Each structure stands twice: as structure tokens, then as C-alpha cells.
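Below is a short briefing on one protein chain.

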Amino acid sequence: MKRAALKLTHYCRRPGLVSFGRNLTNALVPCRQSSSVTYSVDVSGIFPPIATPFNKDESIAFDKLSENMHKWNKIPFAGYVVQGSNGEYVYQTVKERIQVVEHVAKTAAPGKVILAGSGCESTRDTIEMTNQMADVGAHAALVVTPSYYKNGMHNRAMINHFTKVADNSKIPILLYSVPGNTGIDLDPEVIITLASHPNIVGLKDSGGDIAKLAHLVFKTRQDEFQIMAGSAGFLLPAYLIGCVGGVCGAANMLGQELCDLEQLYKQGKLGEATKLQQRLVAPNAFVTKKFGVPGLKVAMEWFGYYGGPVRSPLQPITTEQEEIMRAVFKLSGFVH
């Protein structure tokens with residue numbers, strides 16, 4: 001088990017560790033002795049999976065990314081997810097993906113954890129991408145399930161893929177299950193098996209099956225395995241069953257509110273936390289399942305962030321759709 005392996009040296013996490021992003025100076029702590037040093041990173045807290053800003057010609061608007069980062073750095077996020085689904089990573093070149101991670105790592109406030117989406121379809125490419133992202137400042141990698149050849153992505157293939165990536169990665173990795181985009185819901189037995197790997201430190205699950213998450217928390221409790229909710233729509237229930245944080249698309253524009261929800265939960269103010277969670281459900285659904293990244297980028301503009309255009313073949317939402325979405329945000333009390 002992972003915990004036993006950690007006792008061979010010191011700690012993967014220092015005693016009394018809170019989120020690295022808040023008051024620690026070192027993201028990575030040596031975890032064990034081997035041919036290559038293994039590290040761990042604490043991912044508790046709220047992480048926005050940041051949108052990639054584009055210019056009108058669909059080139060990356062690094063100046064606008066800096067402006068957004070300046071505003072996000074004022075919010076008590078634990079860190080940032082870069083090149084996740086909301087970052088339109090599937091439409092970017094290898095060079096662009098690495099450049100965006102590097103830019104965020106350089107502009108993030110001190111103490112923020114950088115989680116880089118390094119998943120590719122092949123295992124070899126994922127390993128190379130992960131290590132290149134590590135070289136430019138990522139503290140851990142978020143590795144999405146390969147999904148193009150769905151019939152071949154059985155449990156054995158998944159275990160082999162993630163094990164090879166973890167064995168060869170310079171930084172810790174987190175499993176990433178997002179069935180809404182990939183069509184593959186990572187099997188609990190695969191996750192439980194991989195949780196004992198010293199270099200696999202957690203899971204981001206966007207499926208929203210609370211019973212599944214509770215089962216995983218229970219079954220991996222001896223492995224120092226951290227499970228994160230992949231959506232603001234079920235963040236509080238996820239905390240209540242033992243998840244450590246959330247990677248929430250709505251945090252791109254409602255970051256403070258999601259951090260407030262986390263604090264209300266930690267303070268035991270469950271009544272207030274429940275009311276805030278209820279208000280978040282509908283707006284979150286519109287910037288994730290309903291309108292996705294095009295809707296997310298429009299909503300960001302309402303709150304003073306740069307959303308900008310999406311990259312083709314995605315298309316912007318219509319004026320009518322924007323009005324519908326704004327009415328939902330207004331009804332929930334987030335816009336006037």
C-alpha cells in the first residue's frame with residue numbers, strides 16, 4: 001500500500017499540511033527513495049480549470065491571460081488547472097499547450113499549485129507531454145483517459161496506461177475521468193488499483209456519481225489518495241463524503257463564491273453552505289453541460305474577465321442563448 005511505502009523515508013505530506021497553495025513554500029515533498037525521486041502534492045481546495053483566451057484570429061492572447069491571472073490571484077484558490085477541458089486543449093498544438101502552462105506558472109501568485117492537463121491519446125505522448133509540462137513549472141499532471149479507440153480502452157489498458165505514465169513522470173499525476181467528453185467513465189476497480197501507486201496522488205472525477213465517489217474515498221483511505229469533485233454542481237456533497245476539493249469550471253467567474261462554499265463547509269455552517277450550493281447548480285449547468293466553453297467565456301465577460309472567442313470548430317453562443325443564460329445567473333443572484 002502507498003502509506004507503507006511512504007514510511008520508508010519521511011512524509012509525502014508534512015504533518016498538519018494544509019493546501020500548498022495557501023501557506024507552504026514547497027509544492028513537492030520527497031516521498032520515497034527509488035531510482036527516481038517520487039514526490040507528492042496536496043490538492044485540497046478550489047482550482048479553476050482556466051479558459052484559454054484567444055484573439056480574434058484564434059491565436060493565444062497571452063496578454064489577456066495575464067490580466068485574468070492578476071484577478072484570479074486575488075481569490076484564495078489553492079491553485080490552477082491549466083489545459084483542462086475548459087482550456088480547449090484538444091484544439092491546441094503541443095507547443096501551445098506547453099506555452100500556456102509555462103505562462104500560468106510564471107504569473108501565478110506564490111504558493112499556487114499548478115495542475116497541468118497532459119493527457120494525450122498515446123501513452124508515449126502523454127509521458128513526453130507530462131515531463132515537458134513539469135519542466136516549465138507544473139507541480140502535478142492531470143491525465144485524462146484516452147478515449148478514441150473506446151472498445152480497446154478496457155480496464156487492463158487503462159491500468160497499463162496510467163501505470164506507465166506514473167512510472168515515468170517527473171511529477172505526481174492525478175487520474176481524470178470526464179465521461180461527458182470522453183464517453184468513458186473510469187471504472188472504480190481501476191481507480192482503486194491505481195491508488196496504491198506512489199506517484200498517483202489523486203483523481204478528478206466529473207461524472208457526478210456521489211455514491212461512486214463515496215465508495216472510492218472509503219476504498220482508498222489507506223493510500224493517501226485525494227479525490228476532487230470535477231464540477232461546482234456537486235461540490236458540497238463531494239466534501240460531505242470525503243473529497244478534498246474541486247476543479248470547477250464555474251470558478252472562472254464565481255471563484256470567490258466557490259471558495260466561500262468551501263469555507264462554510266469547513267466551519268460547519270452547513271445551512272449556509274447548502275443555500276450557496278443550491279444557487280450554484282443552475283448557473284454551473286449552463287457553463288458546463290448546456291453551453292459549455294462558449295457559454296463559459298461569455299459569462300466570464302459579465303464578471304470582468306476576458307473570455308474572448310472560442311477556437312473553431314466550436315462556435316459562440318447566440319444572443320438568444322446568452323439572454324437565457326443571463327436570466328439563470330440573475331435568478332440565482334449572481335448578476336443584476
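Predicted model: local features only at pLDDT ≥ 70, side-chain atom pairs only at ≥ 80, totals over all residues.

Residues are numbered from 1 along each chain as its sequence is written, and side-chain values use heavy atoms, with hydrogens and water left out.

**Overall fold**
- The chain has 14 helices and 10 strands, taken as DSSP runs (helices H or I, at least four residues; strands E, at least two) numbered from the N terminus.
- Of its 336 residues, 54% are buried, meaning under 20% relative accessible area (1.4 Å probe, protein chains only).

**Nonpolar cores**
- A nonpolar core is a set of buried Ala, Val, Leu, Ile, Met, Phe, Trp, Tyr and Cys residues joined through side-chain atoms within 4.5 Å.
- In the largest core, of 83 residues, Tyr80 and Phe329 touch the most other members.
- Helix H11 (residues 251-266) gives the most to this core, with seven residues.
- Apart from this core lies another of 17 residues, including Leu115 and Tyr176.

**Helices H4 and H5**
- The axes of H4 (residues 94-107) and H5 (residues 123-135) come within 9 Å and cross at roughly 35°; axes are lines fitted to C-alpha atoms over the stretch in contact, and angles run from 0 to 180 degrees between N-to-C directions.
- Val94, Arg97, Ile98 and Val101 of H4 meet Met129, Gln132 and Met133 of H5, with contact meaning heavy atoms within 4.5 Å.

Notes. Buried < 20%, exposed > 50% of the residue type's maximum accessible area, 1.4 Å probe, protein only.
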